[in-house]
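Welcome to this tour, and please open your viewer. We will go from stop to stop, with something to select at each one.

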Amino acid sequence: ANRIVSASKELAGTDACAATRGCQRHLNGRFGPKAWMGQLTRSTPAVRRNVKRMRFLALVGTAAATIAVGFWAAPASAATISVSGTVSCDGGNAVVGVWIQSSGGGSGFAAWTRLPNRVNVASYSKTLSTALPTNISLHVGCGGTSSSWWGDNWTPNKAIGGSATLNARCSEGPGTAVRCAWPATGASRSYNGFAGGYCTWGAAEKWKQNTGAYPGWNGDAMYWDTNARSAGWTVVSTPRARAVVVMEPGATTSSVGHVAWVNSYRISGSTIYLNITDMNRYSLGVWSTYERVYQPGQMSFIMAP
């Protein structure tokens, strides 16, 4: 580009009229721009050659500038994604709003619904158009009203490359601060340490599929919540998608409990329906995906990061 500009300036200097604004104004006023160029092309061969060279360099310069702008300033293409999950205000104040902040654009308020009989826990979802990858931060309102939050509690940024389920727990306080945390990451291992075909083996496979590693705890299904907590993972008593549900013997026909992967859940009135995938519901080694009712006090949830 510098060479083209220099060459243009050099060529312009070879013709006094082309390099002088006063002369250009005079010619434009007398003949008009087209007449002025035609006048030049009807002059000496040297001038005509210079005019052709200037025309060529102007075209090359325009093309080079267009390529440069396209290379350096090409905007990232936007994608439509969904961000959803569950948030909680662990101090007990009601959830009053959820804002999704996206570094790639599309930030805004999410639709949210409190869980039955738990005003401090809410599911949320939002469809947004954003450049990918993007950094997401959840802003959770705890206490106050939907239009005036007592506490504006933020999560740290999390990078995502598409639709994602993001769960967070917030310690509360007045004003604005980073007081929310993503689920903790505990011990993992590189192999499935559970007996093949049973519900524990199947749940460990689903955990690996969604997190990239096998869970680092052991034991029968009914002990998974206690053992996972001891291994450094986050365990809660209210439903979460992207989690393993641990069912006590009272919630299943098995004397050692049952575990399954939670794909999603839905709220209908005062009832929460879990959409789960498990193994050995009916037969050893057989997968099943179905809905079942959440039973408070009989179920807990190990949250995947």
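Buried means under 20% relative accessible area, exposed means over 50%, and partly exposed is in between (1.4 Å probe, protein chains only). Keep in mind that this is a predicted model, where local features need pLDDT of at least 70, side-chain atom pairs count only at pLDDT 80 or more, and totals for chains, interfaces and linings use all residues. Residues are numbered from 1 along each chain as its sequence is written, and side-chain values use heavy atoms, with hydrogens and water left out.

**Stop 1: a pair of rings.** Select Trp217 and Trp224. Trp224 has 0% relative accessibility, so it counts as buried; Trp217, at 2%, counts as buried too. Their rings form an edge-to-face aromatic pair, 5.3 Å centre to centre with 80° between the planes. Here, rings of Phe, Tyr and Trp (its six-membered ring) pair if their centres lie within 6.5 Å; planes under 30 degrees apart count as stacked, over 60 as edge-to-face and the rest as tilted.

Stop 2: How many aromatic pairs does a search of the whole structure find? It finds nine. In one of them, the ring centres of Trp207 and Trp261 are 6.2 Å apart and the planes stand at 85°, so this pair is edge-to-face. It links distant parts of the chain, 54 residues apart: Trp207 belongs to helix α6 (residues 199-211) and Trp261 to strand β17 (residues 258-268). Helices (H or I, at least four residues) and strands (E, at least two) are DSSP runs, numbered from the N terminus. Both Trp207 and Trp261 are buried.

**Stop 3: the sheet.** Switch to a cartoon view and follow the open sheet of six strands, with antiparallel pairing, in the order β15-β20-β16-β17-β18-β19. Two strands pair if DSSP finds at least two bridges between them. Strands of a sheet pair through backbone hydrogen bonds, either parallel or antiparallel. Which strands stand at the edges? They are β15 (234-236) and β19 (287-293); each has a single partner strand, so one side of each is left without a neighbour in the sheet. Inside the sheet, zoom in on β16 (residues 243-247), which pairs with β17 over five bridges in the antiparallel sense. Val245 stands opposite Ala260 in β17.
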